[in-house]
Amino acid sequence: MRGTPGAAVWQRNYYEHIIRDEAEWGRIRDYIEANPVRWAEDRENPNGVAGGCGRRNSWH
């Protein structure tokens, strides 16, 4: 259906996380809001400036 047989469906290093307090919720919310801006530099973006060798973004 995606035209990529055998390719992974999920992004590497994805995991679930329990939000335990308001401060943590704030950090996660800020990360989610800012993340689209960083997509151009993400190594997972095939059209990004990192060209597959850039740094990964992290909120934890």
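Glutamate 24 is buried, with a relative accessible area of 12%; buried here means under 20% relative accessible area, exposed means over 50%, and partly exposed is in between (1.4 Å probe, protein chains only). The model is a predicted one, so local features need pLDDT of at least 70 and side-chain atom pairs count only at pLDDT 80 or more, while totals for chains, interfaces and linings use all residues. Residues are numbered from 1 along each chain as its sequence is written, and side-chain values use heavy atoms, with hydrogens and water left out.

Glutamate 24 sits in helix α1, where helices (H or I, at least four residues) and strands (E, at least two) are DSSP runs numbered from the N terminus. Despite being buried, glutamate 24 has no salt bridge, and the nearest side chain of opposite charge, arginine 27, is 5.0 Å away. A salt bridge would take a side-chain nitrogen of Lys or Arg within 4 Å of a carboxyl oxygen of Asp or Glu; for charge, Lys and Arg count as positive and Asp and Glu as negative, with His and the chain ends not counted. What glutamate 24 does have is a polar contact, side chain to side chain, with histidine 17 (2.3 Å). A polar contact is a pair of N or O atoms within 3.5 Å; within protein, one must be able to donate a hydrogen and the other to accept it, and residues adjacent in sequence count only if both atoms are side-chain atoms. A polar atom of the glutamate 24 side chain also lies 3.0 Å from the backbone nitrogen of arginine 20. Setting aside neighbours within four places in sequence, glutamate 24 is in contact (heavy atoms within 4.5 Å) with His17, Ile18 and Ile19.

Ahead of the helix, which spans 22-38, comes the segment that holds valine 9. Valine 9 counts as exposed because its relative accessibility is 63%. Together with Trp10 and Tyr14, Val9 forms a nonpolar surface patch with about 460 Å² of accessible area. Such patches are made of residues with over 30% relative accessible area and no salt bridge, with like charges joined within 9 Å and nonpolar side chains (Val, Leu, Ile, Met, Phe, Trp, Tyr) within 5 Å. Glutamine 11 is also found in the segment before α1 and is partly exposed, at 44% relative accessible area. The C-alpha atom of glutamine 11 is 8.3 Å from that of glutamate 44, 33 residues apart along the chain.

A polar atom of the aspartate 42 side chain is 2.7 Å from the backbone nitrogen of glutamate 44. Valine 49 belongs to the segment after α1 as well, but is exposed at 71%. Beyond its neighbours within four places in sequence, valine 49 touches Ala40 and Glu41.

As for the chain as a whole, there is one helix and there are zero strands. Buried residues account for 17% of the 60 residues. The accessible surface comes to about 5400 Å², with 55% belonging to carbon and sulfur atoms; accessible areas come from the Shrake-Rupley method with a 1.4 Å probe, and for residues only the protein chains shown count as cover.
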